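Okay, thanks for coming, everyone. Let me put the structure up on the screen and we'll walk through it together.

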Amino acid sequence: MNRLVVVSNRVAPIREGKVAAGGLAVGVYDALRQNGGIWFGWSGEVSKTPETACETVGNITYVTLGLSKSDYDEYYRGFSNATLWPIFHYRIDLARYYREEYQGYRRVNAMLAEKLKPLLRPDDIIWVHDYHLIPFAAACRQLGIGNRIGFFLHIPFPTPEVLTAIPPHEDLFRTFCDYDLVGFQTETDRMAFQDYVCRELGGIVEADGSLSACGQNFRAGVYPIGVMPDEIRRLADSYRGRRPMIGRTTEGTLRKTLISVDRLDYSKGLVERFLAYEQFLERFPEHRRNVEFIQIAPTSRSDVKTYQAIRKQLETVAGHVNGRLADLDWMPLHYLNKSLDRRTLMGLFRTANVGLVTPLRDGMNLVAKEYVAAQNPADPGVLVLSRFSGAARELTAALIVNPYDCLGMAEAMDRALRMPLEERKERYEDMMRALRAADLNAWRDNFLRDLRTFGRHRVVTASRAAAF
């Protein structure tokens, strides 16, 4: 087998036997462990004198690089997260664009390609992940790297009308053509990408389904990322009997619980969810004192102003809900602005009667899949899921809601809590079939199979190399 080289913005802190929690980390770690290879990317460190570190554990070599303050500000905090992230999530109103940040984004991608080149073998397969690294293949081609290179986008890909709000959109997105395979979470995302290539880059769809644009031929496919259902069930089982004090009355009986777990991000629909929960308690007062809502939302990108604003807004709304509705022995909303370990989360999922996963826009959202996989088959909870998450394309037996409709979400909460056991079991079994058919192994194996099948070693001409 060809050696695999994974390139991602961050290299997960993985060591043998201690796999990080995220789907990306678990999926690529297993692929690397099977075939051996390199995991290459930013270390997360910012310093005046960035360093490169290399460590081999088993058959995996971890290569990490630091960033300078200017690189971090322009590449990561700037263009990646202040321009691309909001626009890809349909929040043009929150996006900003500075030319120097785009130049920094391209510069860091070029630097990363230069650092990777000496580590490559001619038959290596390179798998690049996410929006931070869109022009990475073009930077590699400029250096004469002809290896097969695939790209997977973990977030949504919006319509051309939205993408054209990025001033250098054509300059940036033509670099997609330097990949052999571009992967997306849903068919909706793939079709939006194909539409952009044809409308904005003058591309065409060939008879074999491949795309031709900017003098290159490449493919786009759908590879929904999954979870490992059996592993999640084992974690949830190991937590059995450790029901937290949340959900208990002063008499020791159990209240029903609703749970949500999200990064603190404006794309997750947190404020809308809190307001919907308030409406739920107002419209269906019989649930008061009998339910509690647990929201776990660890801070992310705390040095970006829009994230500071959403944190303040969320704290205000949470205080408002509890201030209006709480009693001495009942707190309706528990908002935890912190991370919990993975086993505790799976245990909380197992004990929660309702899982609320209601982002305004999401590429997939693995929390939805984890909640389902953690359930007790004999007495499963109910998933309430946003139609704007990628997971809604697969988990059609969830209660699908529009997160912009607070009353509709409130009604779904009431329905979920009243749902009879037989219906809950039928919905759970339907969703588990979907999880097993498209688990994490399938995501990884299908993408790499297609990259090996359709990718080819490219002869990079001098004129093509100069295009970057």
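So, let's start with a group of rings. Phe88, Phe151, Phe157, Phe173, Phe176, Tyr179, Phe184, Phe193, Tyr196 and Phe218 are joined into one cluster by ring pairs. Keep in mind that what you're looking at is a predicted model.

How many aromatic pairs are there by this rule? The count is 35. Let me pick out a couple. Take tyrosine 223 and phenylalanine 447: the ring centres sit 5.2 Å apart with the planes at 75°, so we call that pair edge-to-face. Now look where the two partners come from. Tyrosine 223 is in the loop between β10 and α8, while phenylalanine 447 is in helix α15, so to speak a link between distant parts of the chain, 224 residues apart. And are they buried or exposed? Tyrosine 223 is buried, at 6% relative accessible area, and phenylalanine 447 is buried too, at 0%.

Next pair: phenylalanine 274 and phenylalanine 293. Here the centres are 5.9 Å apart and the planes stand at 90°, so this one is edge-to-face. Phenylalanine 274 belongs to helix α9 and phenylalanine 293 to strand β12, so the pair ties together parts 19 residues apart in sequence. Phenylalanine 274 is buried at 0%, and phenylalanine 293 is buried at 0%.

Okay, zooming out. The protein has 16 helices and 16 strands. Its radius of gyration is 23 Å, close to the 23 Å that the globule rule gives for 468 residues, so it's as compact as a globular protein of that length. Of those 468 residues, 58% count as buried.

Conventions. Residues numbered from 1 in each chain as written. Predicted model: local features only at pLDDT ≥ 70, side-chain atom pairs only at ≥ 80, totals over all residues. Heavy atoms only, no water. Helix = DSSP H or I, 4+ residues; strand = E, 2+ residues; numbered from the N terminus. Rg over C-alpha atoms; globule rule 2.2 N^0.38 Å. Buried < 20%, exposed > 50% of the residue type's maximum accessible area, 1.4 Å probe, protein only. Phe/Tyr/Trp six-rings, centres within 6.5 Å; stacked < 30°, edge-to-face > 60°.
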